[in-house]
Amino acid sequence: MKDNPHLNILVMMAKIDGETDHAELELIRQIGTSSNVSSEDIEEIIETTKTDHNIPSLSNLTKEQKIELMTNLVLVMKIDGRIAKEEMKFCFQVIKKMGYNEEALFDLVSTTYLDPKQAINKEEIKQRAEQYLN
């Protein structure tokens with residue numbers, strides 16, 4: 001299996017609250033497939049990724065990859081309509097490693113607190129994520 005920090009982080013996020021939601025895993029599979037990761041590799045990543053692992057290094061990600069990861073983290077966090085405290089804490093750790101500040105995460109997920117059922121617009125999240133990255 002290839003090392004895939006992007007999918008590893010998304011799976012960690014899905015597992016961090018102790019419940020792996022079907023919608024979260026489905027979204028992660030779609031993200032993996034759209035990134036040309038084989039379904040066998042995706043399933044292996046889902047099976048083997050533990051939440052107690054350290055977050056992989058993100059220093060070699062390009063600006064576009066960071067924006068994509070930030071966007072996907074928000075999408076996975078929001079897909080089940082609720083945000084667990086553990087998910088927020090984990091997200092803070094990841095975004096700090098990418099060079100974002102906490103304000104960015106609050107802005108990106110704030111609409112969920114107001115209305116968890118609100119439709120998720122990936123392009124809007126992506127544009128907002130881009131504003132925060134230096």
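**Conventions**

This is a predicted model, in which local features need pLDDT of at least 70 and side-chain atom pairs count only at pLDDT 80 or more, whereas totals for chains, interfaces and linings use all residues. Residues are numbered from 1 along each chain as its sequence is written, and side-chain values use heavy atoms, with hydrogens and water left out.

**Stop 1: the whole chain**

The secondary structure amounts to 7 helices and 0 strands; helices (H or I, at least four residues) and strands (E, at least two) are DSSP runs, numbered from the N terminus. Read along the sequence, the pattern is α-α-α-α-α-α-α.

Of the 134 residues, 48% count as buried. Here buried means under 20% relative accessible area, exposed over 50%, and partly exposed in between (1.4 Å probe, protein chains only). Switch to a surface: the chain exposes about 7,200 Å², and carbon and sulfur atoms supply 47% of that area. Accessible areas come from the Shrake-Rupley method with a 1.4 Å probe; for residues, only the protein chains shown count as cover.

Contacts (heavy atoms within 4.5 Å) may be considered next. Among those with a separation of 6 or more, 76% are between residues 24 or more positions apart.

**Stop 2: helix α1**

Select residues 5-15. Why is helix α1 described as largely enclosed by the rest of the structure? The reason is that 10 of its 11 residues are buried. The buried residues are His6, Leu7, Asn8, Ile9, Leu10, Val11, Met12, Met13, Ala14 and Lys15.

**Stop 3: Ile46**

Move to Ile46, which lies in helix α3. Ile46 is buried, with a relative accessible area of 7%. Leaving aside neighbours within four places in sequence, Ile46 is in contact with Val11, Lys15, Leu25 and Arg29. For one of these, draw a distance: the C-alpha atoms of Ile46 and Lys15 are separated by 9.3 Å, although the two residues are 31 residues apart along the chain.

**Stop 4: the largest nonpolar core**

A nonpolar core is a set of buried Ala, Val, Leu, Ile, Met, Phe, Trp, Tyr and Cys residues joined through side-chain atoms within 4.5 Å. Select Leu69, Met70, Leu73, Val94, Tyr100 and Leu105: of the 43 residues in the largest such core, these touch the most other members. Helices α1, α2, α3, α4, α5, α6 (102-114) and α7 (122-132) each supply at least two residues of this core, and α4 gives the most, with 8 residues.

Centre the view on Leu105. Apart from neighbours within four places in sequence, Leu105 is in contact with Met70, Met77, Met88, Cys91, Phe92 and Ile95.

**Stop 5: the salt bridges**

A search of the whole structure finds 3 salt bridges, each defined as a side-chain nitrogen of Lys or Arg within 4 Å of a carboxyl oxygen of Asp or Glu.

Begin with Glu26 and Arg29, whose side chains meet in a salt bridge (3.3 Å, N to O). Both residues lie in helix α2, 3 residues apart, about one turn of the helix. Next select Arg29 with Glu43, which also form a salt bridge (2.6 Å, N to O). This pair links distant parts of the chain: Arg29 in helix α2 and Glu43 in helix α3, 14 residues apart.

Then select Glu68 and Lys126, where the salt bridge spans 2.7 Å, N to O. Glu68 lies in helix α4 and Lys126 in helix α7, so this pair ties together parts that are 58 residues apart in sequence.

Glu26 is partly exposed at 32%, as are Arg29 at 22%, Glu43 at 31%, Glu68 at 22% and Lys126 at 23%.

**Stop 6: the largest pocket**

Which residues lie nearest the centre of the largest pocket? Select Asn4, Pro5, His6, Leu61 and Gln65, which hold that position among the 15 lining residues. The elements giving two or more residues to the lining are α1, α2 and α4, and α4 gives the most, with 4 residues.

On a 1 Å grid over the protein atoms alone, a pocket is an open set of points where a 1.4 Å probe fits, with protein on both sides within 12 Å along at least five of seven lines; lining residues have an atom within 4 Å of a point.
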